[in-house]
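Subject: Handover of a structure

Dear colleague,

I am passing on the structure below, together with some notes on what was found in it. Please read the notes with the structure open beside them.

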Amino acid sequence: MIFNNSLQIPFWQNGVLGLFGFSAGGVVAAGVFAFLAIIGVFPRLMGKTGTKRIFLYETAIILGGVLGNISDIFEIPISLGANLGSSLFLGIFGLASGIFVGCLVMSLAETLKSLPVISRRIRLAVGLQYLILSIALGKLAGSLAYFARALCA
């Protein structure tokens with residue numbers, strides 16, 4: 001791909017584009033955190049640990065999101081060397097990630113229990129299993145098209 005460097009974007013346009021980019025990123029991040037809160041991941045974690053320090057959880061969640069985004073955008077390497085500390089860090093990180101994914105899966109499973117309630121509210125008499133199957137097949141078709149066209153490279 002050849003880029004034409006003769007086109008110069010004015011400073012104010014770069015500022016507007018940057019503002020739009022940060023705003024869009026903030027909206028997406030807020031949506032993800034709201035989704036996790038709505039399906040009950042955070043209340044489940046607070047209930048399982050039996051803690052009353054909600055402010056601590058909110059701060060940890062926000063800092064985790066912000067620092068994760070910064071390390072992803074700027075591709076900051078985390079080098080711990082090849083010693084016991086790196087293995088310990090990886091073990092703790094893996095355990096924490098597994099606990100989070102487990103809570104996310106259980107919250108999604110509880111959300112799926114609400115599908116019969118939704119089907120009654122929208123008066124879907126028959127075919128709920130076909131609706132769920134069509135959603136799953138659509139996701140399968142999308143992922144196969146994604147990997148077949150080598151978009152993930």
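A nonpolar core, as the term is used here, is a set of buried Ala, Val, Leu, Ile, Met, Phe, Trp, Tyr and Cys residues joined through side-chain atoms within 4.5 Å, and buried means under 20% relative accessible area. Please also keep in mind that this is a predicted model.

In that sense, the largest nonpolar core has 7 residues in all, namely Leu36, Ile39, Val41, Phe42, Met46, Tyr57 and Cys103, and α2 contributes the most to this core, with 3 residues. Phe42, one of the core residues, is in contact with Phe33, Leu36, Ala37 and Ile61 when its neighbours within four places in sequence are left aside. Over the protein chain, which has 153 residues, buried residues make up 8%.

As for the overall layout, the protein chain has 6 helices and 0 strands, so that, by the way helices and strands are assigned, its elements read α-α-α-α-α-α from the N terminus on. Of the contacts in the chain between residues at least 6 apart in sequence, 53% join residues at least 24 apart.

After α3 comes Glu75, whose phi is positive, near 50°.

By type, the lining of the largest pocket divides into 12 nonpolar, 3 polar and no charged residues.

The second largest pocket has a volume of about 200 Å³, and its lining is made up of Gly21, Phe22, Gly25, Gly26, Ala29, Asn69, Ile70, Ile73 and Phe74. The elements that give two or more residues to this lining are α1 (11-38) and α3, and the largest share, 5 residues, comes from α1. Here the lining residues divide into 5 nonpolar, 4 polar and no charged.

With best regards

Methods
Residues are numbered from 1 along each chain as its sequence is written. This is a predicted model: local features need pLDDT of at least 70, side-chain atom pairs count only at pLDDT 80 or more; totals for chains, interfaces and linings use all residues. Side-chain values use heavy atoms; hydrogens and water are left out. Helices (H or I, at least four residues) and strands (E, at least two) are DSSP runs, numbered from the N terminus. Ala, Val, Leu, Ile, Met, Phe, Trp, Tyr, Cys and Pro count as nonpolar, Asp, Glu, Lys and Arg as charged, and the others, Gly among them, as polar. On a 1 Å grid over the protein atoms alone, a cavity is a set of points where a 1.4 Å probe fits but cannot get out, and a pocket is an open set with protein on both sides within 12 Å along at least five of seven lines; lining residues have an atom within 4 Å of a point. Grid points are joined across faces, edges and corners, and a volume is the space filled by probe spheres set on the points. Buried means under 20% relative accessible area, exposed over 50%, partly exposed in between (1.4 Å probe, protein chains only). Contact means heavy atoms within 4.5 Å.
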